[in-house]
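Biologist: I am new to this structure. Please show me how to read it, feature by feature.

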Amino acid sequence: MPIEYSNREKSYQLYRKGKQEGTWDPDEFDFAADRADWKQFSDAEKQRFLASCAAFYDGEEDVTRTLAPYMMALDALENDEMPFDTVQEEIYLAQQVYEEAKHTDLFSRYFEEVFETQDTEPHRVGGYQEQGYSTDDLYDTADTLLAAINSGDQRELVYALGEAYLNYMGIVEAQLARGGYLSFDQMIELKAEEMGREVVLESFQTAIGKVRQDETRHIENGRWIMRKLAEAEPDIVQDVYEPRIEEYVENRLLGAPPEEMPFEGYDQRKIGKQTMQYLQDTVDYIGADRFEEYDDVRRVVQTRRAAD
Ligand SMILES: [Fe+2]
Ligand SMILES: [Fe+2]
């Protein structure tokens with residue numbers, strides 16, 4: 001299938017941006033200074049920092065391993081009947097899967113050279129599975145997508161793709177990962193302050209900056225496709241997007257108990273406020289007026305909190 005070169009869409013523009021920005025190499029970083037810094041962390045600080053890193057390492061692997069069915073689903077869509085070019089989006093996702101593999105590679109190297117282990121299991125804490133959202137769920141999402149491809153039903157396929165983009169780009173990338181970066185920022189900043197230093201784990205921070213830049217493109221592409229799928233099947237917003245957002249808000253924004261943090265001055269509320277804004281940004285990108293309840297995330301959250 002030819003690309004419509006006269007009509008390069010959002011996904012192609014992001015692919016082009018990725019060709020320029022996404023060429024960094026995890027092997028370029030020297031982690032020797034980070035290894036020395038890490039020895040200055042207390043046991044409690046190590047435990048907490050490792051919990052976030054383990055979630056990211058596993059998460060990057062999970063997103064790498066579950067993205068292929070999205071490309072197959074795009075291929076199975078009737079391109080002529082969709083309000084976007086599925087071929088350009090397939091090209092975009094081919095780039096994304098490479099970037100996700102590279103993120104996995106980065107965490108793998110960091111675990112090996114700084115944490116001196118490859119085992120994430122002992123550091124998986126916080127009961128994320130029980131809180132109703134985990135990157136483990138992406139394997140089920142991929143299975144649902146494969147079933148929809150096999151069904152041959154276009155509407156079912158659009159719905160399955162909408163749910164998949166919402167889970168992957170809308171929740172895992174736009175909410176969980178971005179919240180995680182804010183947490184890294186605070187932990188590192190507070191540790192540097194305590195040690196009277198400008199910066200600690202400097203290579204980690206620089207490398208994560210590269211990952212974040214990649215993720216910004218992934219999230220924007222995801223939001224754009226969710227909007228396009230809503231143009232194709234307007235009911236998808238109430239049937240698929242809102243129930244999934246509801247689940248996330250209930251379990252994560254409202255349900256998560258405040259965490260004990262070993263880093264002096266850690267501000268969980270600030271992160272909560274920012275992640276709420278990220279969700280609002282997703283809603284606004286899709287089109288707030290398409291939503292029945294979640295057009296204004298803050299209003300829903302405040303109403304629910306007042307009712308508790
Ligand atoms: Fe990633
Ligand atoms: Fe990503």
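**The iron site**

Modeller: The iron ion (ligand 1) is coordinated by Glu60 (OE), Glu60 (OE), Glu100 (OE), His103 (ND1) and Glu215 (OE), at 2.0 to 2.8 Å. Donors are N, O and S atoms within 2.8 Å of the metal (3.2 Å for Na, K and Ca); water is not among the atoms, so sites may look incomplete. This is a predicted model: local features need pLDDT of at least 70, side-chain atom pairs count only at pLDDT 80 or more, and totals for chains, interfaces and linings use all residues. Residues are numbered from 1 along each chain as its sequence is written, chains are lettered from A and ligands numbered from 1 in the order in which they are written, and side-chain values use heavy atoms, with hydrogens and water left out.

Biologist: How are the donor residues of the iron ion (ligand 1) spaced in sequence?

Modeller: The pattern is E-x39-E-x2-H-x111-E.

Biologist: Which residue coordinates both iron ions?

Modeller: Glu100 does; ligand 1 and ligand 2 are 3.5 Å apart.

Biologist: Are Glu100 and His103 buried or exposed?

Modeller: Both are buried. Buried means under 20% relative accessible area, with a 1.4 Å probe and protein chains only.

Biologist: Why does Ser203 count as buried?

Modeller: Its relative accessibility is 15%, so Ser203 counts as buried. Ser203 lies in helix α8 (residues 202–232). Beyond its neighbours within four places in sequence, Ser203 is in contact (heavy atoms within 4.5 Å) with Phe29, Asp30, Phe31 and Asp34.

Biologist: How do I look for empty space?

Modeller: Rolling a probe the size of a water molecule over the atoms shows where empty space is left. On a 1 Å grid over the protein atoms alone, a cavity is a set of points where a 1.4 Å probe fits but cannot get out; lining residues have an atom within 4 Å of a point. Searching the whole structure gives 1 cavity of 30 Å³ or more. The largest cavity holds about 40 Å³ of space; a volume is the space filled by probe spheres set on the points, which are joined across faces, edges and corners.

Biologist: Which residues line the largest cavity?

Modeller: Leu106, Phe107, Tyr110, Phe204, Ala207 and Ile208 do. The elements giving two or more residues to this lining are α5 and α8.

Conventions. Helix = DSSP H or I, 4+ residues; strand = E, 2+ residues; numbered from the N terminus. Buried < 20%, exposed > 50% of the residue type's maximum accessible area, 1.4 Å probe, protein only. 1 Å grid on protein atoms, 1.4 Å probe; cavity = no way out; pocket = protein on both sides within 12 Å on 5 of 7 lines; lining within 4 Å.
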